[in-house]
Amino acid sequence: MNVPVNIWNREAECLPREELCQLQLKRLQQTLTLVADKVPCYQAKFKESGFLPSDLKSLEDLKNLPFTTKEDLRVNYPYGMFAVPMREVVRIHSSSGTTGKPTVVGYTKDDINTWTELVARFMTAAGVGAEDIVHIAFGYGLFTGAFGLHYGSEAIGASVIPISGGNTDKQLMIMQDYRSSALVCTPSYGLTLADRMEKQGIDPKSLALRVGLFGAEPWSEQMRVELEQRLGIIATDNYGLSEIMGPGVAGECFFKQGMHFAEDHFLAEIIDPDSGEVLPEGSVGELVITSLTKQAFPMIRYRTRDITRLNYDTCECGRTLARMEKTRGRTDDMLIIKGVNVFPTQIEEVLFQIEGCEPHYQLIVDRQNNMDSLEIQVEVNEHIFFDEMKQQRQFVVQAEKRLATVLGVSAKVKLVEPSSITRHEGKAVRVIDRRQQS
Ligand code: DLL
């Protein structure tokens with residue numbers, strides 16, 4: 001592809017690997033010294049493992065350090081893992097888990113500056129620039145999505161529309177009238193916007209929209225195609241998590257060949273989620289992240305639970321930073337149905353390939369008589385839903401057959417009326433697991 005390559009911070013994003021590793025080692029030593037000095041949780045962990053920050057001589061030595069988990073954050077709720085006094089903290093965010101207390105994270109002024117820089121990087125990589133009008137449809141609040149993208153947009157000089165989440169009709173009115181050119185939201189909300197546009201007879205070509213920056217939840221390549229076609233945009237993926245910073249940890253450039261990981265600020269490892277062993281380069285496994293420059297809330301070997309793979313080849317765009325493959329989902333979202341591991345994104349990929357299937361689905365997992373069952377509720381277009389029983393039956397048989405081949409486990413497909421599955425403004429809720437309730 002012959003396209004102009006815009007790079008926000010060429011020096012940092014195109015560093016030769018050797019220099020990058022040297023920088024990582026220096027920053028890692030600084031971070032370890034900081035947490036050993038200031039954070040009781042790490043003092044205890046290091047003591048237990050007999051580790052001193054001065055023991056770290058190379059990046060490989062990191063594997064000798066214990067992991068940090070969400071449980072550590074819960075135990076130290078709310079501010080126990082902060083490495084600076086509260087007077088230096090200028091912002092607090094938190095991530096709402098499905099159970100228990102949220103995790104609380106803090107930022108110093110410098111942390112906010114780093115965050116801004118890293119979001120500006122991936123937005124530039126996706127092709128957003130000063131002339132863009134960025135429509136931020138993430139909810140502003142404790143969730144990091146909206147603020148992160150907001151700072152990044154302002155840094156690159158784009159015009160921000162901080163519309164926040166919800167009120168889909170108003171979103172569309174503003175998108176039309178204010179000429180929004182870059183859309184920021186979850187991919188599932190992107191589809192909700194596309195649905196509503198179709199219902200209202202809005203032609204995507206009549207809009208100024210040209211690029212989408214989607215993140216905060218897993219989505220398949222098929223979903224990308226759907227978003228690109230129905231919104232008339234290029235759809236890019238970006239990844240992050242509040243415990244590490246929020247958005248800006250990794251993001252795709254317009255070549256869409258994996259998300260460039262901000263390796264000068266975060267060190268990535270891929271581990272076997274069961275044994276905790278570091279896996280060789282190119283393996284699929286759980287992503288573990290160590291922050292290298294964070295001041296208020298440094299994280300050492302944080303287990304993200306996200307399953308992915310890293311590619312260290314230089315990208316066509318010239319960036320040398322490793323690229324993170326689209327995550328297949330979190331280890332805790334992975335369903336184990338009759339002993340077979342299934343990610344919702346695998347199901348999504350199959351469904352989207354079937355004609356007449358709407359991109360809205362929900363998975364209901366249950367257990368009866370000690371037997372797991374998986375029901376997939378799928379919205380189909382009106383033509384199929386109100387069609388003869390025979391044709392509906394054919395659709396179901398075809399879907400069940402394809403799913404059984406791809407997943408290796410049988411699932412029951414249930415067709416549901418268009419628009420009947422609850423839409424969420426933020427992250428989609430794909431799975432209802434009734435096994436925990438029984
Ligand atoms: O979702 C941060 C974010 C906001 C990222 C906006 C990108 C855009 P949390 O609410 O803490 O933070 O959720 C983090 O969401 O561990 C992943 O499981 C999932 N996730 C985030 N981005 C992606 C993505 C924000 N692009 C958790 N693909 C992470 C798949 C994602 N999963």
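Predicted model: local features only at pLDDT ≥ 70, side-chain atom pairs only at ≥ 80, totals over all residues.
Strand 18 and strand 21 are paired in the parallel sense over 3 bridges, where pairing requires at least two DSSP bridges between the strands. Helices (H or I, at least four residues) and strands (E, at least two) are DSSP runs numbered from the N terminus.

Numbering starts from 1 along each chain as its sequence is written, and side-chain values rest on heavy atoms, with hydrogens and water left out. Local features need pLDDT of at least 70 and side-chain atom pairs pLDDT 80 or more, whereas totals for chains, interfaces and linings use all residues.

**The mixed sheet**

- Strand 18, which pairs with strand 21, belongs to an open sheet of 4 strands, whose order is 20-19-18-21 and whose pairing is mixed.
- Strand 20 (412-416) and strand 21 (431-433) are the edge strands, and because each has a single partner strand, one side of each is left without a neighbour in the sheet.
- From one strand to the next, the twist of this sheet averages 20°, with angles taken from 0 to 180 degrees between the N-to-C directions of lines fitted to C-alpha atoms, for helices over the stretch in contact.

**Helices packed with the sheet**

- Helix 12, which spans residues 389-407, lies across strand 18, strand 19 (371-380) and strand 20, and runs at about 140° to strand 20.
- The buried residues of helix 10 begin with Pro344 and Thr345, continue with Ile347 and Glu348, and end with Val350, Leu351 and Phe352.
- Among the elements that cover these buried residues of helix 10 are strand 18, strand 19 and strand 21, together with helix 12, judged by contact (heavy atoms within 4.5 Å).
- Helix 9 (221-231) and strand 17 (340-342) are also included in what covers the buried residues of helix 10.

- Strand 8 (246-252) is mostly covered, with 7 of its 7 residues buried.
- On one side of the chain order, strand 8 pairs with strand 7 (residues 234-241) in the antiparallel sense over 4 bridges, and the bridge partner of Gly240 in strand 8 is Pro247.
- The hairpin formed by strand 7 and strand 8 has 4 residues between the two strands.
- Strand 8 is also joined to strand 9 (259-261) by 3 bridges, with the two strands running antiparallel, and in strand 9 it is Phe261 that stands opposite Ala250.
- The hairpin of strand 8 and strand 9 has 6 residues between its strands, and within the turn Lys256 has a positive phi of about 55°.

Technical notes: Buried < 20%, exposed > 50% of the residue type's maximum accessible area, 1.4 Å probe, protein only.
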